[in-house]
Number of protein chains: 2
Amino acid sequence: MNKKPLNPTIDDVAALANVSISTVSRVINRNVPVSEDVLARVEAAMQELKYIPRAAARNLASRKTNTLGLLASEVLGDFFIPLLSGIEAAVREAGYDLLISTAARRGPHDHLPGSLGSHNTDGLLIFAGSLTSAGIEHTHALGLPMVLIHQSTPAHLPVPCVTIENKAAACQIVEHLIRVHGRRRIVLLRGLPKHEDAYWREVGYREALAENGLPFDPALVLPGDFNREVARGSVVRLLESGAAFDAIFSGDDEAAVGVLQALQAAGRRVPEEVSVVGFDDQNLAAVINPPLTTVHTPTAEVGRAAAQQLLRLIRTEKADPLTLLPTEMIIRRSCGCNNGTR
Amino acid sequence: MNKKPLNPTIDDVAALANVSISTVSRVINRNVPVSEDVLARVEAAMQELKYIPRAAARNLASRKTNTLGLLASEVLGDFFIPLLSGIEAAVREAGYDLLISTAARRGPHDHLPGSLGSHNTDGLLIFAGSLTSAGIEHTHALGLPMVLIHQSTPAHLPVPCVTIENKAAACQIVEHLIRVHGRRRIVLLRGLPKHEDAYWREVGYREALAENGLPFDPALVLPGDFNREVARGSVVRLLESGAAFDAIFSGDDEAAVGVLQALQAAGRRVPEEVSVVGFDDQNLAAVINPPLTTVHTPTAEVGRAAAQQLLRLIRTEKADPLTLLPTEMIIRRSCGCNNGTR
DNA sequence: CTGTTAGCGCCTTCAT
DNA sequence: ATGAAGGCGCTAACAG
């Protein structure tokens, strides 16, 4: 008589506890009432055998996987950590697993990484830029629940989206430059062209100019791509062009690093000669020199909210079409405030 | 006759292609030769039906899950991104999936998150500090292949480990402080007490002192915990104590940030009055003020190597007991070099 | 090279 | 409240 199978199954537990496998299944799932003593026996047996239900078998039988997929873009920026921990927390609290996949080279027909296909995941969290519009439609057509992060749904598809307030914050921070620091020639380092955050930040920038009677000068709008090197290159070229400017609004903090490097290499003093502000309030914003005035984005909350919406969608087939999380301006020194302090 | 089932199974494909399901299975897995025309027919049918094999069914039948689990610690530091991308790359190249789980509150008996249990994952990647020694032994006893990251195996268990060279690099950077900058009262801000990286870095520090005829002074060893605030607190207290010191070797870059903040707040000039060096070469090391002299650690490679070892272990039951990746000192300004440059 | 036949381990009606 | 039996969709011998 084999006492302890190395990979116990539900049958082993049932045998040990002297009940049927259905009963064991019931105590595992706690769906249906089970008498006190039977419950105790079964639980003891499970402990004894160190029984762990096989996910594959449960998934196959129950037709759900209890796992959520996260499709991330190839470039994992600094904001990815808070995003991930927010997602992870929500997913775990709900008893789900998290399968992650970065957007690898995927052909046009090959819309999803195989593993994230409809049968291997109960739903998908899709980060901005990790799937084309066509890919999203295709996935949606498959009937896979999904929610988009930092990207609104294309083609009027009923796909929930969770993102942050970009425009008002961008407007506010640019107005800060104008009204508090008297800047009038403000450069915009736009983010990734197709990125919605970048788009709305630009709209906010223009709005601030317009509301304060400043002209919009296309010569002051340069590529930043949310990338340190790209941003640095843009500023170097701007400097070479001899164009006049007294402030730079960078698409995100990462690009702001490049901005500062280019400016400092050229001997331009920040913030005395030129104010610099960013967006995101990433880890390095507070420690860089000078400390960066920027906009704080609640990235962990975005992750958490996205996971929660997806879970709701899966369970109730209903979710908020749009979750817009608030942002907040953080004044430090790169804009010109607090200079001399500390 | 139902033309396109919404969730096609292998049977639908077989029917459409006029073959048996075994044949379809063969073209899916490409294990066994299949004739040209049959292969074409089957592939056409799969396309036509948009067939996606159900992972749960394959897993159940084949007794393997094709997914690797990653157990991470609760605190996801900056180094986590490169680690994750290295892992993800290796895992994806091998055609596996990645299930991630941060070490949540887990009771003493409840060693693993359920989903990472032996039946749901073919193997585990365990990051330092995410599992106790007992947990590791327990998991190993379950027969689950695993490899440890930045942590060596306890109790002589045959569990492969991949980590980095800490001691020599720590010794080298401290020697740099001594020989190049003439520092003699060097503070050590140790990392997390139970963390092996921290241990070896301390050994390297002591070795450097010994080899250069400097006394080891316990008063100069303070907690840093790989944490910005803890490090700052330690330095603040050190300053208050009035102890003399002319350099600080911080357990990692994150702690170095706290060191710099405390020093600058107290008006101590870095590197003129005190040299500061870190370890890890994190994202912010190059942009902080002053740019941090530190040790570069190949974190993405660590992730990749760990995944590869785990895969080898799963496939061949053999793996290198220890993979030690090289590190490299990066000279910037906080030690006193290159001052005035740029 | 291809088809037939058992399961893989669990959930889920359906009886009792 | 509990047991019996039939799949879930696929892989893996085993024949042919």
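I began with the strand pairing between chains: β2(A) and strand β2 (residues 97-102) of chain B run antiparallel and are joined by three bridges. Strands count as paired if DSSP finds at least two bridges between them. Helices (H or I, at least four residues) and strands (E, at least two) are DSSP runs, numbered from the N terminus.

The model is predicted; local features need pLDDT of at least 70, side-chain atom pairs count only at pLDDT 80 or more, and totals for chains, interfaces and linings use all residues. Residues are numbered from 1 along each chain as its sequence is written, while chains are lettered from A and ligands numbered from 1 in the order in which they are written.

**Entry: β2(B)**

I looked up the partners. A:Leu98 has B:Ile100 in β2(B) as its bridge partner. A:Ile100 stands opposite B:Leu98. On the chain B side, strand β1 (residues 67-72) runs parallel to β2(B), with six bridges between them. There, B:Ala72 stands opposite B:Thr102.

Next I checked burial (buried: 20 or more other C-beta atoms within 10 Å of the residue's own; exposed: 12 or fewer; partly exposed in between; C-beta atoms placed from the backbone). Six of the six residues of β2(B) are buried, so the strand is largely enclosed by the rest of the structure. In a regular strand the side chains alternate between the two faces of the sheet. Here B:Asp97, B:Leu99 and B:Ser101 point one way, and B:Leu98, B:Ile100 and B:Thr102 the other.

I used contact as C-beta atoms, placed from the backbone, within 7 Å. Chain A gives 37 residues and chain B gives 37 residues. On the chain A side, α4, α5 (80-93), β2 (97-102) and α10 (253-265) each give two or more residues. The largest share, six residues, comes from α5(A). By class, that side of chain A has 19 nonpolar, 12 polar and six charged residues. Ala, Val, Leu, Ile, Met, Phe, Trp, Tyr, Cys and Pro count as nonpolar, Asp, Glu, Lys and Arg as charged, and the others, Gly among them, as polar.

How is chain A laid on chain B? A turn of 180° with a shift of 0.0 Å along the axis does it, at an RMSD of 0.1 Å. That is the relation of a two-fold axis. The superposition is by least squares on C-alpha atoms of residues with pLDDT of at least 70 in both copies. Of the interface residues of chain A, 100% are also interface residues in chain B, so the copies meet through the same surface.

**Entry: cores**

A nonpolar core is a set of buried Ala, Val, Leu, Ile, Met, Phe, Trp, Tyr and Cys residues joined through C-beta atoms within 7 Å. The largest has 90 residues, and B:Val259 is one of those with the most contacts inside it. Beyond its neighbours within four places in sequence, B:Val259 contacts B:Leu189, B:Ala231, B:Val235, B:Ile248, B:Ser250 and B:Val276. Another core, of 81 residues, lies apart and includes A:Leu84 and B:Leu70.

**Entry: DNA**

I took a residue as near a strand if its C-beta atom, placed from the backbone, lies within 6 Å of it. DNA strand C is surrounded by 27 residues, with A:Ile10 and B:Ser22 among the closest. DNA strand D is surrounded by 26 residues, with A:Pro33 and B:Ile10 among the closest.

Conventions:
Two residues are in contact if their C-beta atoms, placed from the backbone, lie within 7 Å.
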